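Hello,

Here is the structure I wanted to hand over to you. Have a look at it first, and then read on for what I found in it.

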Amino acid sequence: MNFHESRIRVRYAETDAMGIVHHSSYIIWFEVGRTEWLEAQGYSYAEFEQTGYHLVVTEIGARYKQPVRYGQEIVLRTRPSEVKSRAIRFDYEVLDEKSRTPLVTGFSRHILTDHAGNVRKFPDAMWELIKNE
């Protein structure tokens with residue numbers, strides 16, 4: 001499965017008093033990566049929700065290899081790594097944009113639900129899109 005690359009310049013609000021990216025910022029970046037990955041497949045998350053579904057986060061994690069700092073330009077690589085009829089896992093890599101040095105790796109697991117919170121299978125159109133990626 002191919003990675004989608006998002007480019008981010010670290011904003012001051014995403015850092016702590018030392019100018020290092022706060023751990024909570026990565027969760028937001030991971031969401032950016034998932035959204036942009038889906039859009040790169042020709043399907044917006046808003047359209048997906050309008051079909052009656054949500055991708056609920058069930059687990060998330062990150063491994064910090066090197067600090068990311070205010071003003072640094074990074075590349076966030078996002079890809080689905082496990083696709084099941086009712087669930088999907090995304091993997092993430094945060095790289096320094098210039099050197100491509102790995103800075104952080106992470107993942108998130110999601111379960112598909114309808115708007116009432118009931119676990120569902122991916123609709124056919126979405127299933128075809130993600131299983132072939």
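**Charged pairs across the chain**

Arginine 9 is exposed, with a relative accessible area of 52%; the cut-off for exposed is over 50%. Please keep in mind throughout that this is a predicted model.

Arginine 9 has a partner: its side chain makes a salt bridge with glutamate 73, and the closest N and O atoms are 2.2 Å apart. The pair ties together distant parts of the chain, since arginine 9 sits in strand S1 and glutamate 73 in strand S3, 64 residues apart. Glutamate 73, at 30% relative accessibility, counts as partly exposed.

Strand S1 (residues 4–9) also holds glutamate 5. Which residue does glutamate 5 meet in a salt bridge? The partner is arginine 100, at 2.6 Å from N to O. This pair, too, links distant parts of the chain: arginine 100 lies in the loop between S4 and strand S5 (102–114), 95 residues away from glutamate 5. Glutamate 5 is partly exposed at 29% relative accessible area, and arginine 100 is partly exposed at 34%.

Both residues belong to a network of salt bridges that links Glu5, Arg7, Arg77, Glu93, Glu97 and Arg100. In total, the structure holds 12 salt bridges. Another of them joins aspartate 114 and arginine 120, whose closest N and O atoms are 3.0 Å apart. Is aspartate 114 buried or exposed? At 13% relative accessibility it counts as buried, because the limit for buried is under 20%. Arginine 120 is partly exposed, at 37%.

**The fold as a whole**

The protein has three helices and five strands, and from the N terminus on they run β-α-α-β-β-β-β-α. Among the contacts with a separation of 6 or more, 66% are between residues 24 or more positions apart.

As for overall dimensions, the C-alpha atoms fill a box of roughly 45 × 25 × 20 Å along the principal axes. The accessible surface comes to about 7400 Å², and carbon and sulfur atoms make up 48% of it.

**Helix H3 and what covers it**

Which residues of helix H3 (residues 124–131) are buried? They are Met126, Leu129 and Ile130. Looking down the axis of H3, you will find these buried residues within an arc of 85°, so they line one face of the helix. Their cover includes helix H1 (23–40) and helix H2 (45–50), along with strand S3 (73–83) and strand S4 (87–96).

**A nonpolar patch on the surface**

One last thing to look for is a nonpolar patch on the surface, formed by Ile27, Val57 and Ile60. Together these residues have about 220 Å² of accessible area. Valine 57 is in strand S2 (residues 53–64) and, at 40% relative accessibility, counts as partly exposed.

Happy to go through any of this with you.

Best wishes

Key. Residues numbered from 1 in each chain as written. Predicted model: local features only at pLDDT ≥ 70, side-chain atom pairs only at ≥ 80, totals over all residues. Heavy atoms only, no water. Patch = residues over 30% accessible without salt bridge, like charges linked within 9 Å, V, L, I, M, F, W, Y side chains within 5 Å. Areas by Shrake-Rupley, 256 points an atom, 1.4 Å probe, with all protein chains shown as cover. Salt bridge = Lys/Arg side-chain N within 4 Å of Asp/Glu carboxyl O. Helix = DSSP H or I, 4+ residues; strand = E, 2+ residues; numbered from the N terminus. Buried < 20%, exposed > 50% of the residue type's maximum accessible area, 1.4 Å probe, protein only. Arc of directions from axis to C-beta. Contact = heavy atoms within 4.5 Å.
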